[in-house]
Amino acid sequence: MVLRGVWGAGREGTGVTSLYLHVPFCFHKCHYCDFYSIVDKQDRQGVFTDRLLRELGALAEFAGPLETVFVGGGTPTLLRVELWERVLGAMRERFKFAEGCEFTVECNPETATPELFQVLQAGGVNRVSIGAQSFESRHLKTLERWHDPAKVFRAVELARGAGIERQSLDLIWGVPGQTLGEWESDLRTALSAGTTHLSCYSLTYEQGTAMTARLNRGEFVKTDEDVDADMFERTLEVLRGAGLERYEVSNFARPGDECRHNLVYWRQGDWLAAGPSASGHVAGWRWKNVARLDDWIGFDDGGFAPVMDVEEVEPRRNLRERIMTGLRIVEGVEVERAVLDAGARGGELRRVAGLNVERGLMVERGGRWALTDRGFMVGDAVAAEMMRVV
Ligand code: SF4
């Protein structure tokens, strides 16, 4: 299936202001990972870049001045410096960038070099999201992450030295064997790097990952639910104490340092997407590029990638998804619009929301339903209850 024929025709000039790029290469596969990433033994970085530039060329006609760009993976910083120069140069040629555009690149601490960061900064990158995951080598080993924890600090310093203003760190909690004290220590160590944005993810056991297979083989046990809940609460205490507020279930920032690109996703905004397995969403339509690298490289319709799962989301499902993603963010879901879109079920939606307010799981403020701290601990269940109504 081709994006141009299904969605793109006649939509040139749509003026989409966010763009996601997926770089699929990784050193090796981390055991908990279910992203599309490959350990490339054939050195396809060059052909990948050629193909990416063609896709960017095709997508440019749908873009307005870019407000946010996010390069994720995989390990984007594994892409060779000279290829980064080509990608960034092509983006400058083909896209306009809005003043203050937030341009993030995900970074593996092992791959940070002064040269790379200087090239990124010169190309407009002003934010790096560094995969720290843990500062305990033992836990990194469990996750099959191989970097030296000290490299995280070095990556932060290199980013600052190169003039990349914002650095975010990713951490994972609930690693088998991790104690509450160790988790708190990870949080404090991350803060000591001077970061103003932290993403703290609970370890999840996705189907088909090596981590899940090891769990099923009894190699370790899952973190106890109570410990997990304590870790969640301790995260809030420690980060709030340092002036970072939660703005999404797993994301914390100093006010003003929120990741604007991810907010576009959670607010169900529009974004274009390039690279294998990248998903896009524009004007109620969404699609996903095919994931397999060779399929994505080998198919080229005027630069457009082969896509799958192209659909115009029907209104009821759109509302359900709006509830799900809206409750993930602290700003919550717009009440009147949700009730209106729920039609005959609007009254019932209000009633169920009211019950959650009574239980202290949600508040209604500023015309929006939003989860409380307690509500965030059972956020999936609250969202599911409300989604069932509509
Ligand atoms: S580095 Fe990231 S994308 Fe690559 S395998 Fe590990 S978790 Fe997955």
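Author: E82 is a plain place to start: with a relative accessible area of 43%, E82 is partly exposed. That label covers the range between buried, which is under 20% relative accessible area, and exposed, which is over 50% (1.4 Å probe, protein chains only). The model is predicted, so local features need pLDDT of at least 70 and side-chain atom pairs count only at pLDDT 80 or more, while totals for chains, interfaces and linings use all residues. Residues are numbered from 1 along each chain as its sequence is written, and side-chain values use heavy atoms, with hydrogens and water left out.

E82 forms a salt bridge with R80, and their closest N and O atoms are 3.2 Å apart. A salt bridge here is a side-chain nitrogen of Lys or Arg within 4 Å of a carboxyl oxygen of Asp or Glu. The structure holds 32 salt bridges. R80 also meets the side chain of D43 in a salt bridge, at 3.1 Å from N to O. Because R80 sits in the loop between β2 and α3 and D43 in the loop between β1 and α2, this pair ties together parts that are 37 residues apart in sequence. Helices (H or I, at least four residues) and strands (E, at least two) are DSSP runs, numbered from the N terminus. R80 is partly exposed at a relative accessible area of 32%, and D43 is partly exposed at 48%.

T75 is found in the loop between β2 (63-73) and α3 (81-94). T75 has 8% relative accessibility and therefore counts as buried. Leaving aside neighbours within four places in sequence, T75 is in contact with V23, F25, C26, N108 and T111. Contact means heavy atoms within 4.5 Å.

Now for the strands and the helix beside this loop. Nine strands form an open sheet with mixed pairing, in the order β7-β8-β6-β5-β4-β3-β2-β1-β9. Two strands pair if DSSP finds at least two bridges between them. The edge strands, β7 (245-248) and β9 (272-274), each pair on one side only. From one strand to the next, the twist averages 25°. β1 (residues 16-23) pairs with β9 in the parallel sense over three bridges, and the bridge partner of Y20 in β9 is A273.

Helix α2 (residues 45-60) lies across β1, β2 and β9 and runs at about 160° to β9. For such angles, axes are lines fitted to C-alpha atoms, for helices over the stretch in contact, and the values run from 0 to 180 degrees between N-to-C directions.
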